[in-house]
Amino acid sequence: MVPSPNSPKSPCFPECLNWLMDNQLNDGSWGLIDHNPPSPLLKDTLSSTLASIVALRKWNVGEHQIKKGRAHVVGLSFIESNIASASDRNQPYPIGFDIIFPHMLEYAVDLNIKLPLKQKDLSLMLQGRELELMRCLSQERAAYLAYISEGLGSFYDWKIVMKYQMKNCSILNSPSASAAALIHHQNAGCLDYLTSLLDKFGNAVPTVYPDLYVRLYMVDQLERLGVSRHFMMEIRTVLDEAYSSWMQKDEQIFMNAGTCALTFRVLRTNGYQISSGIFDVHK
């Protein structure tokens, strides 16, 4: 979705569009797996599929796939078949889904994409998004809104989002939030961050990078399940990196209380000597 800084009518990362056209799944979706039978990741796949369709239409590419029934036909058919999952409170929610997914629906309408959705249902989702945004408008939730800023559009003050730009020039280590900031704020640092990810990972990048919290969480889960002995080398690599980051007071640990607490507990339980002084409260 990011326009080229040299030509706003051209995509900044055309190779990513090529990846989309080459990686649609057999059921018409874009995501981790085919959903036959349905999986608990339907909301995540709905977001990925709609984002892919919007990106293709935005840059008017993939006409061959569209005429063959891919992207706009099969992709939208997948959304039509699974749209009920979007409002199903019993299914897992990706972070920010109630804000990001309705925003993409609204954007799709602006691009004249014929959504398989009744106007009444679309209006209800958009109203729910507005209520969720109002609920999140507080100083305590500013970091959360920055992290899901791809769903904010022009609703939010992007100067607040940019306060969460990290030393690696990302917005909270999120490629999607960094891309949104680049679109709305034309930030050269975000462009450098995204370019570096494509250089490292190719045309499909992780949802979070660096991903220290995710890897520490996996270590924690493996230890809780009692199977960590099968992954000793991998776990040691993660722990050594976390220890190094802790000693360097790395912002990816200390910007977030949850990450800080998880890192402290996992390192301490694995014998790393680190100080608990960071948690001291001084009156």
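A residue counts as buried when its relative accessible area is under 20%, as exposed when that area is over 50%, and as partly exposed in between (1.4 Å probe, protein chains only). The structure is a predicted model, in which local features need pLDDT of at least 70 and side-chain atom pairs count only at pLDDT 80 or more, while totals for chains, interfaces and linings use all residues. Residues are numbered from 1 along each chain as its sequence is written, and side-chain values use heavy atoms, with hydrogens and water left out.

Across the whole structure, 7 aromatic pairs are found. In one of them, the centres of Tyr-93 and Phe-97 are 5.8 Å apart and the planes meet at 85°, so this pair is edge-to-face. Phe-97 is buried, at 4% relative accessibility, whereas Tyr-93 is partly exposed, at 28%. Another aromatic pair, Trp-246 with Phe-264, is tilted, with 6.0 Å from centre to centre and 40° between the planes. This pair links distant parts of the chain, 18 residues apart: Trp-246 belongs to helix α12 (residues 232-247) and Phe-264 to helix α14 (residues 257-269). Helices here are DSSP runs (H or I, at least four residues), numbered from the N terminus. Both partners are buried, Trp-246 with a relative accessible area of 6% and Phe-264 at 16%.

Attention now turns to a serine. Ser-178 is located in helix α9 (residues 175-185) and is buried, at 0% relative accessibility. Leaving aside residues up to four places away in sequence, Ser-178 touches Ser-170, Ile-171, Cys-190, Tyr-193 and Leu-194, where contact means heavy atoms within 4.5 Å.

Finally, Met-218 lies in helix α11 (residues 212-225).

Note on methods. Helix = DSSP H or I, 4+ residues; strand = E, 2+ residues; numbered from the N terminus. Phe/Tyr/Trp six-rings, centres within 6.5 Å; stacked < 30°, edge-to-face > 60°.
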